[in-house]
Amino acid sequence: MSGAESADHVSVHLTGCGHEDARAVFAALEAAFPEGTGLARSEARAAAPGAGPTIWSMVVDARTRSPREEGAARTQPVTTVTADLFGAADPVRQVREELESAFGVESLGTVPGEHELEVRLRLTSRTDA
């Protein structure tokens, strides 16, 4: 991880989705892990046509996790989104919990490392709305 990041940071990479679905996932994470005022951390911009697959990414600081509000409005993705989470085990678990509270989540695999964990998830719209 870079110098500005710590063991509390989780890198989130989204694939297999468009701009609106990426924004929906990032909005849910930004609501769960607010970092104060200012520009959005995950300003997503589409790649140029024909540039290949798009990977949407953001870094979440798990130390900023806010208490869950009952009935809080969450934006749902319209299509299936693949999310890869990279970081230390506990912060990755916290990010996964927040994603599970906002979306339908299917685990596609976990790769443990010496100091980091990689988790791949499939996110869909919740069916229990």
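What covers the buried residues of H1? The cover includes strand S1 (9–15), strand S2 (56–61), strand S3 (81–87), helix H2 (89–102) and strand S5 (117–124). Here "buried" means under 20% relative accessible area, "exposed" means over 50%, and "partly exposed" is anything in between (1.4 Å probe, protein chains only). The model is a predicted one, where local features need pLDDT of at least 70 and side-chain atom pairs count only at pLDDT 80 or more, while totals for chains, interfaces and linings use all residues. Residues are numbered from 1 along each chain as its sequence is written, and side-chain values use heavy atoms, with hydrogens and water left out.

Now for the overall layout. The protein has 2 helices and 5 strands, and these follow the pattern β-α-β-β-α-β-β along the sequence. Both kinds of element are DSSP runs numbered from the N terminus: H or I with at least four residues for helices, E with at least two for strands. Out of 129 residues, 33% count as buried. The protein exposes about 7300 Å², and carbon and sulfur atoms supply 51% of that; accessible areas come from the Shrake-Rupley method with a 1.4 Å probe, and for residues only the protein chains shown count as cover. Among contacts (heavy atoms within 4.5 Å) with a separation of 6 or more, 72% come from residues 24 or more positions apart.

Back to helix H1, which takes up residues 19–32, 14 residues in total. From first C-alpha to last, H1 reaches 20 Å, close to the 20 Å expected at 1.5 Å a residue; the expected span is 1.5 Å times one less than the number of residues. The buried residues of H1 are Asp21, Ala22, Ala24, Val25, Phe26, Ala28, Leu29, Glu30 and Ala32.

Strand S1 is largely enclosed by the rest of the structure, because 5 of its 7 residues are buried. S1 runs antiparallel to S2, with 6 bridges joining them, and Ser11 has Val59 in S2 as its bridge partner. S1 also pairs with S3 in the antiparallel sense, over 5 bridges, and there Val12 stands opposite Leu85. For two strands to count as paired, DSSP has to find at least two bridges between them.

What about the inside? The largest nonpolar core has 27 residues, and those with the most contacts inside it are Val12, Leu14, Leu29, Leu85, Val95 and Leu99. S1, H1, S2, S3, H2 and S5 each give two or more residues to this core, and H1 gives the most, with 6 residues. A nonpolar core is a set of buried Ala, Val, Leu, Ile, Met, Phe, Trp, Tyr and Cys residues joined through side-chain atoms within 4.5 Å.

Val95 sits in helix H2 and counts as buried because its relative accessibility is 0%. Leaving aside neighbours within four places in sequence, Val95 is in contact with Val10, Val12, Leu29, Phe33, Val60 and Leu85. Val95 and Ala62 are 33 residues apart in sequence, and their C-alpha atoms are 7.3 Å apart in space. Val10, in strand S1, is likewise buried, at a relative accessible area of 0%. Beyond four places in sequence, the contacts of Val10 include Met58, Phe86 and Pro91.

The whole structure contains 10 salt bridges, each one a side-chain nitrogen of Lys or Arg within 4 Å of a carboxyl oxygen of Asp or Glu. One of them joins Arg120 and Asp84 (2.6 Å, N to O). This pair links distant parts of the chain, as Arg120 is in strand S5 and Asp84 in strand S3, 36 residues apart. Arg120 is partly exposed at 39% relative accessible area, whereas Asp84 counts as buried at 6%.

Another salt bridge pairs Arg63 with Asp61 (2.8 Å, N to O). Arg63 counts as exposed at 54% relative accessibility, but Asp61 is buried at 8%. Within helix H2, Glu97 and Arg93 lie 4 residues apart, about one turn of the helix, and their side chains meet in a salt bridge (2.5 Å, N to O). An α-helix has 3.6 residues a turn, so residues three or four places apart point the same way. Both residues also belong to a network of salt bridges linking Arg65, Asp90, Arg93, Glu97 and Glu98.
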